[in-house]
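Thanks for coming, everyone. Please look at the sequence and the structure while I talk.

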Amino acid sequence: MQPGVVEGPGSVARRFDRGEELTRALRGRGVDLVVWGESSIGAGAWERPETARRLAGLSRLVGADLLVNVDARQTDGSGRSGIFKSAVLVGPDGPTGDRYDKMRLVPFGEYVPARSLLGWATSVGKAAGEDRLRGDRQVVMTLPDGARGLRIGPLVCFETAFPDMSRRLVRDGAQVIVAQSATSTFQHSWAPAQHASLGALRAAENGRPMVHATLTGISAAYGPRGERVGRPLGTDASAAEVFDLPLAGGSTLYNRLGDWPVYGALAALAVLCAVEGLRALRRPAPGPPGPPARTAHGSPGSPGR
């Protein structure tokens, strides 16, 4: 579900209303899961009990759970309180309790590194005024039996750039990788297409289908070999699209070995460089030049005379 609303007066409420409208249109289409984009629900809306009731009503209407995304002040399982960026699963009775807090935050966009030294960045750009808190573990969520107990592994925003995260989700049992993103800051550039294309890499690496859902595009889906499934939603779309994802089992080479082939190649290159360096050191230095050659009939300066 891609609302296509991110800015302007009342944009948070308008985004939620549009998301609700698009989700209602999925009634009767037999979906197993409705995926909303990153920060699809604002902090103020999430704090109101009415929001949970509206989302639960949508779940009952469509007959599927909703995976929404919240950027709001919350308390996690370990008792930490602060602003988390969270993927939250909502069912017909409200939030199910399944929640994933984003672990890898965007520097300056979601936290300011060494804020005591670089905090001035908040006055000259869109740097985070308050640091978001990191989640401490990845989560695999199980959908109801109506969705055949499908297991999904959520990622948020640029976490799709880290192959180890999707690998961990699949090793923990995820059958579908689901990414929620915004990318609206880079709307009129090459970034949305590049970001969406990462889904193809993560799908092919792990042999599992992947969904990339955004606020303003590009939203897309990929099969377990990285092939595109269905029609992507471009940056000019405000729509909902249904993707029929082919599930797959088994394990890929990357899923079994991880980054070790890359490390092995780098180690082999380092050994090769060391060997060549030793050969260069052991090679005898060239001696001093010999005396100039003379011809049979003259001096070096005037050959033939």
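Predicted model: local features only at pLDDT ≥ 70, side-chain atom pairs only at ≥ 80, totals over all residues.

The protein has 8 helices and 10 strands. It has 305 residues, and 44% of them count as buried. Now take the contacts between residues at least 6 apart in sequence. Of these, 59% join residues at least 24 apart.

Let's go inside. Which residues of the largest nonpolar core touch the most other members? They are Leu33, Leu67, Tyr100, Met141, Ile152 and Val178, out of 30 residues in that core. Several elements supply at least two core residues each, including strand S1 (33–35), strand S6 (151–156) and strand S7 (176–181). Helices do this too, among them H5 (163–171) and H6 (191–206). The largest share comes from S7, with 4 residues.

Zoom in on Val178. Leaving out residues up to four places away in sequence, Val178 touches Leu33, Val35, Leu67, Ile152, Gly153, Pro154, Leu155 and Val211. There is also a second, separate core. That one has 21 residues, including Leu22, Val70, Val88 and Ala240.

Is Gly226 buried or exposed? Its relative accessibility is 18%, and the cut-off for buried is under 20%, so Gly226 counts as buried. Leaving out residues up to four places away in sequence, Gly226 touches Ala200, Ala203 and Ala204. Now compare positions. Gly226 and Asn206 are 20 residues apart along the chain, and their C-alpha atoms are separated by 9.4 Å.

On to a helix pair. Two packed helices are described by the angle between their axes and the distance between the axes. Here the pair is H1 (residues 11–24) and H3 (residues 49–62). Their axes come within 10 Å and cross at roughly 15°. Angles under 35 degrees count as roughly parallel, so H1 is roughly parallel to H3. The crossing is left-handed. Who meets whom? Phe16, Asp17, Glu20, Thr23 and Arg24 in H1 meet Thr51, Arg54, Leu55, Leu58, Leu61 and Val62 in H3.

Last topic: the backbone. Where is the cis peptide bond? Look from Gly217 to Ile218, where omega is near 5°. Ile218 lies in the loop between S8 and S9.

Then two residues with positive phi. Ser39 is not a glycine, yet its phi is positive, about 55°. You will find Ser39 in the loop between S1 and helix H2 (43–46). Ser39 is buried, at 16% relative accessible area. Cys157 is not a glycine either, and its phi is positive, about 55°. Cys157 is in the loop between S6 and H5. Cys157 is buried, with a relative accessible area of 14%.

That's it from me.

Note on methods. Residues numbered from 1 in each chain as written. Heavy atoms only, no water. Core = buried A, V, L, I, M, F, W, Y, C linked by side-chain atoms within 4.5 Å. Buried < 20%, exposed > 50% of the residue type's maximum accessible area, 1.4 Å probe, protein only. Contact = heavy atoms within 4.5 Å. Axes fitted to C-alpha atoms, helices over the stretch in contact; angles between N-to-C directions. Parallel < 35°, antiparallel > 145°, perpendicular 65-115°, else oblique. Left-handed = near helix turned anticlockwise from the far one by under 90°.
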